[in-house]
Amino acid sequence: MSTYDYVIIGAGSAGCVLANRLSEDPENSVLLLEAGGKDSSMLIHMPAGVGKLISTDKVNWYYNTEQQKALGNRPLFWPRGKVLGGSSSINGMIYIRGHASDYDLWRQMGLKGWGFDEVLPYFKRAEDNEAGANEFHGADGPLGVSNANNSNPLFDAFVSAGLEAGFPHTDDFNGPQQEGMGTYQTTIRNNKRCSAATAYLVPALNRSNLTVEVKAMTSRILFAGNKAIGVEYIQGKKTKVASAKKEVLLCGGAINSPQTLLLSGIGSREELAKFDIPLVAHIPGVGQNLQDHLDCIVQTKCTQPITLASQANPLRALLTGMQYVFFKSGPGTTQGLESGAFLKTKADLDSPDIQLHFITAIMKDHAREQVKEHGYTVHVCQLRPESRGYIGLKSADPFDHALIQPNYLTSAKDLEVLRDGVKLTRNILAQNAMAPYRGEELAPGSSVQSDEDIDAWIRASAETIYHPVGTAKMGTDDMAVVDERCKVHGIDGLRVVDASVMPTLVGGNTNAPTIMIAEKISDDILGKPALVPNQGL
């Protein structure tokens, strides 16, 4: 047995932040456990490698959901990072915080300290924005943020088409106005992916008070009564124990965190009894409240050979890789996902309910199937779904994947918003700005026109865009798992710090909000006062 002040489970976005911030004090000894391996693959650090990362299980948990009744009984593929940096090492590198109203809603739900003016200072503290600091952005933080370079004319054409369709333009999706067509900011710095591991963990690795163990699978959290006292984990074929003098910090994400809590005896009494797991605390909300962004894909052939299809040629792909390795230049420096939009499907909405991601390629099966035909894709994502699912156990074996039941489209409203989003997207793509590039619509296809046909197409083809949250939610109600300080209700010395604590899904990508949560909670763990709220924004 080894002893530390803090034991952190999971070296994803939140775990890397906590490992850095807690080990800044040399008096704190910190152990960081990661079930995956090191982030040494070039494909992780080269932005264009993102497509390959999704299609390999070497750095990816490669999850699948249960069959979805509302989606033609299809199971959906859920890639999640299994490597230092977690999903920040395999994601699309889009830097989005969500809408200010998302966080104001959390405060209205009784979560003191989580309004937008209170969390903005933590977003800014984390950020190293290449454009410099202003009232919405920071420039001295660990996380590199840059404006996408829009190197392909298709990106500008898409934004122009949106303006022709009557939608506004926004200079900064993370600034005073989220709504509109524009260019994404990315977690890319100096033409390299800036994952949470790159930003937070690498600068801390030389600290003698920080220990990082990879390929270390947590089997359960250990308790003395109602106090967390350590972690049992399996490394190689050996079972090991690490004792925590101060706190155990669970940062496994929206799937692994509830699974670990359940395996450790924290959850619904009835659920635990199914697997003969001794009860530590009856907290029925563990694994419940699962929310995710469902997404459908509008695809069009491109009449000009200027898309990423050229990279399907093995020789071209090799040359791109060599150019990146030796010069950090060329197509390898971008992820092909540089422009998009946050739009309202109805004018009277208070905030956008649809997010668009524009990609200069035809996407099939999450990029696991390579397409040689030139084309472009628009991901149409509903931002605030009403449907709720859950995470459960399939067995008491920590190596077995959890049961993932998102219950997509169980709310009729969710289908309506996606349908309206598809119509809106088709209208944008029909504008004059896209005319020089517009070929045949591949999906939904010209035969899909009526609401009924669009609905059927959505049910047959919709997929996740990889933003699960909410399965260990903050709150004070009977289904809440943690309080506003991310402390597990009724348990001493245990916090959950990751996307699972979000009570509701934010209107955008979830990596930046997860980093913000860990930044904020690190201050609370260390007993520091909260940063001064930003007023008047």
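## A sheet, a helix pair and a buried threonine

Glu127 has Leu143, a residue of β7, as its bridge partner. This is a predicted model, and the pairing is a handy way into it.

- β6 and β7 (residues 143-147) run parallel to each other, joined over 3 bridges.
- They belong to an open sheet of 4 strands with mixed pairing, in the order β5-β9-β7-β6.
- β5 (94-95) and β6 (127-129) are the edge strands, each pairing on one side only.
- Helix α5 (residues 116-126) lies across β5, β6 and β7, at about 60° to β6.

**Two packed helices**
- Helices α11 (residues 412-429) and α12 (residues 451-461) pack with their axes 10 Å apart, at an angle of about 105°.
- That angle makes α11 roughly perpendicular to α12.
- On the α11 side, the contact is made by Leu415, Leu418, Arg419, Val422, Lys423 and Arg426; α12 brings Asp451, Ile454, Asp455, Trp457, Ile458 and Arg459.
- By class, this contact of α11 with α12 has 6 nonpolar and 6 charged residues, and no polar ones.

**Thr464 and its surroundings**
- Thr464 sits in strand β25 (residues 463-464).
- Because its relative accessible area is 3%, under the 20% cut-off, Thr464 counts as buried.
- The Thr464 side chain makes a polar contact with the side chain of Asp292 at 2.5 Å, and reaches the backbone nitrogen of Tyr466 at 2.8 Å.
- Leaving aside residues up to four places away in sequence, Thr464 touches Asp292 and others, including Trp78, His293, His366 and Tyr408.

Key: Residues numbered from 1 in each chain as written. Predicted model: local features only at pLDDT ≥ 70, side-chain atom pairs only at ≥ 80, totals over all residues. Heavy atoms only, no water. Axes fitted to C-alpha atoms, helices over the stretch in contact; angles between N-to-C directions. Parallel < 35°, antiparallel > 145°, perpendicular 65-115°, else oblique. Contact = heavy atoms within 4.5 Å. Nonpolar A, V, L, I, M, F, W, Y, C, P; charged D, E, K, R; others polar. Buried < 20%, exposed > 50% of the residue type's maximum accessible area, 1.4 Å probe, protein only. Polar contact = N/O pair within 3.5 Å; in protein donor to acceptor, adjacent residues only side chain to side chain. Pairing = 2+ DSSP bridges.
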